[in-house]
Amino acid sequence: MADTIKPNPNEATTHDAQLAAENMASGEEKVQKVDFDADYAAAQQFSVSEIDRTPEGAAAAETATAPKLEVPEAEDRTTEAQPTGNPDDYLDLAKEVGGSRNEGVSNVSDDLVKQAIEKGQPKK
């Protein structure tokens with residue numbers, strides 16, 4: 001699928017590019033056709049070298065990309081919170097979360113919600 005380049009002199013970054021775009025737009029210079037599918041297929045041929053297609057090249061690539069250090073396997077750990085049945089534990093947790101001084105906690109009033117709703121409405 002060949003696409004035609006449509007030059008725009010206003011988008012040219014240099015004077016030479018602007019002149020070339022003007023010449024293409026006026027028909028003085030030939031406009032190039034670009035076949036993206038063919039270019040992509042050609043690029044795929046260059047993405048792997050000839051040596052990498054051989055068994056020796058594959059072995060060399062494997063050696064080059066092998067990890068240098070041994071990585072231990074991850075262990076699955078399951079933790080389960082033990083129910084205490086003590087309501088004071090929950091109160092302490094709520095105090096820690098709610099009374100945090102270094103978190104961005106703020107009080108939201110009804111007036112603030114109304115202002116947010118009004119600002120979110122489209123202008124008439």
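1. D52 is partly exposed, because its relative accessible area is 37%, and that class lies between buried, under 20%, and exposed, over 50% (1.4 Å probe, protein chains only). The residue sits in the loop between helix 2 (36-46) and helix 3 (55-65), where helices (H or I, at least four residues) and strands (E, at least two) are DSSP runs numbered from the N terminus. Not counting residues up to four places away in sequence, D52 touches G57 and A58, a contact being heavy atoms within 4.5 Å.

2. The model is predicted, so that local features need pLDDT of at least 70 and side-chain atom pairs count only at pLDDT 80 or more, while totals for chains, interfaces and linings use all residues. Residues are numbered from 1 along each chain as its sequence is written, and side-chain values use heavy atoms, with hydrogens and water left out.

3. On confidence, the protein chain averages a pLDDT of 78, and 84% of the residues score at least 70; pLDDT is the predictor's confidence in each residue, from 0 to 100. Helix 3 has the highest mean in the protein chain, 87, whereas strand 1 has the lowest, 62. Where pLDDT is low, the predicted coordinates should not be read in detail.

4. As to the overall arrangement, the protein chain holds five helices and two strands, which follow one another from the N terminus as β-α-β-α-α-α-α. Of its 124 residues, 3% count as buried. Among contacts with a separation of 6 or more, 48% join residues 24 or more positions apart.

5. A12 belongs to the loop between strand 1 (2-4) and helix 1 (15-26), and it counts as partly exposed because its relative accessible area is 26%. Leaving aside neighbours within four places in sequence, A12 is in contact with A17 and Q18. The C-alpha atoms of A12 and E22, ten residues apart along the chain, are separated by 9.7 Å.

6. Which residue is found in helix 5 (residues 110-120)? V113 is found there, and V113 counts as partly exposed because its relative accessibility is 38%. Together with V108, L112 and I117, V113 forms a nonpolar patch on the surface, with about 350 Å² of accessible area. Such patches are made of residues with over 30% relative accessible area and no salt bridge, like charges being joined within 9 Å and nonpolar side chains (Val, Leu, Ile, Met, Phe, Trp, Tyr) within 5 Å; a salt bridge is a side-chain nitrogen of Lys or Arg within 4 Å of a carboxyl oxygen of Asp or Glu.

Technical notes. Areas by Shrake-Rupley, 256 points an atom, 1.4 Å probe, with all protein chains shown as cover.
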